[in-house]
Amino acid sequence: MPPEPPAIFAADCRACPRLAAFLEDVRTKHSDYHAAPVPAFGPLTARLLIVGLAPGMHGANATGRPFTGDYAGVLLYETLHAHGFASAPESTSADDGLELIDCRITNAVKCLPPQNKPTTEEIRTCNGFLAAEITAMQPQVILALGKIAHDAILRAKGLPLSSLRFAHGAEHTLDAETRLVDSYHCSRYNTQTRRLTPKMFHDLFARIRSHLG
Ligand code: URA
């Protein structure tokens, strides 16, 4: 029998002791929350993979779907819909019927980290899932939302972190098939301070759409 390919997700992963303990605590306080590793959303056959940072406490960690239920997803899903990557402009819950089209969303870290800050070790520990996901998917474009996602993608591809510099709007060749596009993260902080404006985000997705045809 050939060896099993590496897992792209484990619903019961407890590899990071700090994150597992934090989730246990969150589960006692919010018994209605998902409060477990959050799986990627969207088809594995998609040509576009979007990589975020990690579930937000009252967003993905509550609903079980990336960027769903908190402010970080507002601009993301609205923009995905405008460019034909989502069936609706708003993602409200994991069972709202929204579908992603030729697009998949995942996170560099699958579990909710305290203060939204995973440690370097946690990012490394979770990186095997991202690497396996990229291998299984072979996306044409990977969109990194923020520098942590950018670095996690380089690590997953076995590239030195110093080899490709993160900058909003930058495009990099990861290999013959895959292009990496960088964006500032669509967090509440970045959108409210206008570090990332809707126009900047739309312009990036227009470019991605033109790459994919
Ligand atoms: N929600 C996610 O799923 N990922 C992020 O990076 C932020 C919010």
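Which atom of the ligand does a backbone N or O atom of A54 lie 3.0 Å from? A nitrogen atom, and that makes a polar contact (a pair of N or O atoms within 3.5 Å). A quick note before going on: this is a predicted model, where local features need pLDDT of at least 70, side-chain atom pairs count only at pLDDT 80 or more, and totals for chains, interfaces and linings use all residues. Residues are numbered from 1 along each chain as its sequence is written, and side-chain values use heavy atoms, with hydrogens and water left out.

Who else is around? Residues with a heavy atom within 4 Å include G52, P55, F67 and N107. The shell splits into seven nonpolar, four polar and no charged residues, with Gly counted as polar and Ala and Pro as nonpolar.

Now for the rings. There are three aromatic pairs (ring centres of Phe, Tyr or Trp, the latter by its six-membered ring, within 6.5 Å; planes under 30 degrees apart are stacked, over 60 edge-to-face, the rest tilted). F201 and F205 have centres 5.2 Å apart and planes at 75°, so they pair edge-to-face.

Conventions:
Polar contact = N/O pair within 3.5 Å; in protein donor to acceptor, adjacent residues only side chain to side chain.
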